[in-house]
Amino acid sequence: MRSQTKRHLAPGQLDDLLRAGAGVGCRVESELSDGWFSAVYRVRLDDGRPAVVKLAPPDGAAVLRYERGILGTEAMVYRRIAGLPGGGVPAPELLYAEAEFLVLSVVEGTAWDKAAGRLTPPAEAAARRELGAITARLHTLAPEDGRFGYPAALSGLLATDWRTAFTAMVEALLEDAERWHSPLDVPPAEIRRLVAEGGDALEEVTEPRLVHFDLWPGNIFVDSADDGSHARITGLIDHERAFWGDPAAELVSLAFGGDAGPDSDLIAGYTEAGGSLDFGPAFQHRLALYQLYLGLLLVVECGPRGFGPAHLAFCRRMLADAVTRLRTAPGTAP
């Protein structure tokens, strides 16, 4: 994906950058083009280790407010995951981290979206159950200062309660939408009203937990048998969208990979690993709000990233569907 936020470097420039910042050089093997925000390169470090280098956007690149400082957020998440007992959340090892780049170990396997077609239904079900358990362990991570919102101080989107933090997160996207003349197809005043009407449901969330918020199959690596009879999850990647918030929000992106409802394999694994989601009316109302938030985010980011009309149309449909769901959520005024 070609994006205006990607910083592309020649092999010699990348080698110089790593030598200056990490004290180790590299030989570029390929650019990994699947990501949508950061330029990513597969490299061989001077000591022979294979690695992945992820670059921050170039100086002056237009980013959304929540994206300010998110490479640092990703580094923080890898550090916190590494501190979990028993390696409960598979992820790349953070080898080096600087303001301009991360250097990560290579994850075994392939992205789930590329492997899904060859997995048998029982293998897919077992992997979804495993993913649920991994997600529950990820949700044991909590902020040291007890605040909700995006971890990077540059975003200015932290608050002591979830309702305030989430409202600020939505407002930041609406401000970005105005800046980029985003085609929201719904008045910003209505989005604000829908969020305000969900205030009571949002106030039920009193303990912030780490939410990846981008766990679609492309960010989940699996190692599968050649015949597709079984698979194991080898790593979660791309944690830059992570925030401290409501674990229910995780289901929005997890649903891109399959059923994320109360009777699903995903939730069975989540519950077996100690996670708890009540799926009551307030939970369902919050889930509709998080679907609205992701739809809004996807439409707005099309501006600074320079995505084409086909992708923009897809994102607009997502936002419209989310608004429709929220209008009919329990407790929402007509």
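Helices α10 and α11 are roughly antiparallel to each other, a label for angles over 145 degrees, while angles under 35 degrees count as roughly parallel, 65 to 115 as roughly perpendicular and the rest as oblique. Helix α11 covers residues 309-327, and its axis lies 8 Å from that of α10 at a packing angle of about 155 degrees. Here axes are lines fitted to C-alpha atoms, for helices over the stretch in contact, with angles from 0 to 180 degrees between N-to-C directions. The crossing of α10 and α11 is left-handed, meaning that the near helix is turned anticlockwise from the far one by less than a right angle; clockwise would be right-handed.

All of this comes from a predicted model, in which local features need pLDDT of at least 70, side-chain atom pairs count only at pLDDT 80 or more, and totals for chains, interfaces and linings use all residues. Residues are numbered from 1 along each chain as its sequence is written, and side-chain values use heavy atoms, leaving out hydrogens and water.

Helix α10 (residues 281-305) also meets helix α6 (residues 188-197): their axes come within 10 Å and cross at roughly 150 degrees. These two are therefore roughly antiparallel as well, and α6 passes α10 in a left-handed crossing. Helices (H or I, at least four residues) and strands (E, at least two) are DSSP runs, numbered from the N terminus.

Now to the strands. Five of them form an open sheet in the order β1-β2-β3-β5-β4, with antiparallel pairing; two strands pair if DSSP finds at least two bridges between them. At the edges stand β1 and β4, each with a single partner strand, so one side of each has no neighbour in the sheet. On average, neighbouring strands of this sheet are turned by 25 degrees against each other, direction ignored. The table follows the pairs across this sheet.

| Strand pair | Bridges | Residues facing each other |
|---|---|---|
| β1 (residues 26-32) and β2 (residues 40-45) | six bridges | V28 and V43 |
| β2 and β3 (residues 50-55) | five bridges | Y41 and V53 |
| β3 and β5 | five bridges | V52 and L104 |
| β4 (residues 94-97) and β5 (residues 101-105) | three bridges | A97 and L102 |

Two hairpins belong to these strands. Between β2 and β3 there are four residues, and G48 in that turn has a positive phi of about 95 degrees. The hairpin from β4 to β5 runs through three residues.

Another open sheet has three strands in the order β6-β10-β11, again with antiparallel pairing. Its edge strands, β6 (110-111) and β11 (231-236), each pair on one side only. Two bridges link β6 to β10 (residues 220-224), and A111 has F221 in β10 as its bridge partner.

Finally, have a look at the second largest pocket, with a volume of about 370 Å³. Of its 19 lining residues, A56, P57, P58, G69 and A99 are the closest to its centre. A pocket is an open set of points on a 1 Å grid over the protein atoms alone where a 1.4 Å probe fits, with protein on both sides within 12 Å along at least five of seven lines; lining residues have an atom within 4 Å of a point. The lining has 10 nonpolar, three polar and six charged residues.

Technical notes
Grid points are joined across faces, edges and corners, and a volume is the space filled by probe spheres set on the points. Ala, Val, Leu, Ile, Met, Phe, Trp, Tyr, Cys and Pro count as nonpolar, Asp, Glu, Lys and Arg as charged, and the others, Gly among them, as polar.
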